[in-house]
Amino acid sequence: LDGFELISRVRQTPLLADIPIIVATSEDSSSTSGVEVKRKIFALGATDFIVKPIVSKDFIPRVKRFLP
């Protein structure tokens, strides 16, 4: 099970379908493969993404968007 399949399964599960999904990827979104990965994760229903290594100043605001 890869990350793409996980996103797909979560979105197909009624109780989980609306939860936010932030994908951590090693693909830089400025590279060709990174653009394709970004396009695919959003098409599958991801809410956001962050490039590894995860830096808290970039990650925390992404998480806070989804907290009540």
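Let me start with a term: a residue is buried under 20% relative accessible area, exposed over 50%, and partly exposed in between, with a 1.4 Å probe and protein chains only. The areas themselves come from the Shrake-Rupley method with a 1.4 Å probe, and for residues only the protein chains shown count as cover.

What you see is a predicted model, where local features need pLDDT of at least 70, side-chain atom pairs count only at pLDDT 80 or more, and totals for chains, interfaces and linings use all residues. Residues are numbered from 1 along each chain as its sequence is written, and side-chain values use heavy atoms, with hydrogens and water left out.

Now the salt bridges. The criterion is a side-chain nitrogen of Lys or Arg within 4 Å of a carboxyl oxygen of Asp or Glu. Under that rule there are five salt bridges. I will go through some of them.

Take K57 and D58. They form a salt bridge whose closest N and O atoms are 3.9 Å apart. K57 is exposed, at 64% relative accessibility, while D58 is partly exposed at 34%.

Next, E36 and R39, whose side chains meet in a salt bridge at 2.9 Å, N to O. Helices here are DSSP runs of H or I with at least four residues, strands are runs of E with at least two, and both are numbered from the N terminus. E36 and R39 are three residues apart in helix 2, residues 32-44, and therefore about one helical turn separates them.

Is D48 buried or exposed? D48 is buried, with a relative accessible area of 9%. R65, on the other hand, is exposed at 51%.

Last, a nonpolar patch. Patches take residues with over 30% relative accessible area and no salt bridge; like charges are joined within 9 Å, and nonpolar side chains (Val, Leu, Ile, Met, Phe, Trp, Tyr) within 5 Å. L15, L16 and I19 make a nonpolar surface patch of about 310 Å². Of these, I19 sits in the loop between helix 1 (3-12) and strand 1 (22-25), and I19 is partly exposed, at 37% relative accessibility.
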